[in-house]
Amino acid sequence: MSFDRNSSAGYLIHHVARLFFEGLRKRIEPLGIVPGQFPALLALWQQDGQTQKELVEKLAIEQATMANTLNRMERDGLVVRKDHPTDGRAKVVCLTDKAKGIRDEAYSAASGVNDQLLVGFSQDERDLFIGFMQRIIRTNPKP
């Protein structure tokens with residue numbers, strides 16, 4: 001049996017993901033954030049004041065990973081945890097002014113990476129590519 005990595009969807013997706021990850025890392029590092037924080041920031045920029053549990057569910061990230069990410073984000077001055085308004089046992093994660101202030105630059109950085117890595121694609125090809133990835137995600141529930 002032989003295996004051609006250049007014909008393997010899994011290998012190619014992993015390689016492409018590394019290209020996007022590294023491109024994003026280089027662009028957002030000057031903003032004081034790292035790619036591992038980016039999904040939580042995207043979710044909080046969309047709706048500030050979510051619980052850790054809500055973020056875990058929304059982002060399909062392990063509880064321990066999210067806890068570590070939020071601890072680092074708190075240490076870096078990007079979020080604060082506040083008492084939940086109705087649940088005395090829970091905390092809500094809120095963006096700081098620092099995190100709110102870098103939102104547009106972070107969005108621009110992510111868009112720039114997408115544009116850079118998809119430069120050889122027509123708009124129709126970009127739409128197909130995104131659609132195929134969305135279908136993979138939609139038809140394969142979280143492991």
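Reader: How many helices and strands are in the protein chain?
Author: There are 7 helices and 3 strands, where helices (H or I, at least four residues) and strands (E, at least two) are DSSP runs numbered from the N terminus. Along the sequence the pattern reads α-α-β-α-α-β-β-α-α-α. Residues are numbered from 1 along each chain as its sequence is written. Because the model is predicted, local features need pLDDT of at least 70 and side-chain atom pairs count only at pLDDT 80 or more, while totals for chains, interfaces and linings use all residues, and side-chain values use heavy atoms, with hydrogens and water left out.

Reader: What span does α4 reach from its first C-alpha to its last?
Author: Helix α4, residues 63–75, has 13 residues and reaches 18 Å, close to the 18 Å expected at 1.5 Å a residue, the expected span being 1.5 Å times one less than the number of residues.

Reader: And which residues of α4 are buried?
Author: M66, T69, L70 and M73 are buried, meaning under 20% relative accessible area, with exposed over 50% and partly exposed in between (1.4 Å probe, protein chains only). They cover an arc of only 95° around the axis, which puts them on the same side of α4; the arc is that of the directions from the helix axis to the C-beta atoms. On the other side of α4, A64, N68 and R75 are exposed.

Reader: What do the buried residues of α4 pack against?
Author: Their partners are α2 (38–46), α3 (52–59), β2 (79–83) and β3 (91–95), with contact taken as heavy atoms within 4.5 Å.

Reader: At what angle do α3 and α4 pack?
Author: The angle is about 120°, and the axes are 10 Å apart; axes are lines fitted to C-alpha atoms, for helices over the stretch in contact, and angles run from 0 to 180 degrees between N-to-C directions. That makes α3 oblique to α4, since angles under 35 degrees count as roughly parallel, over 145 as roughly antiparallel, 65 to 115 as roughly perpendicular and the rest as oblique. In this pairing, Q52, L55, V56 and L59 of α3 meet Q63, M66, A67 and L70 of α4.
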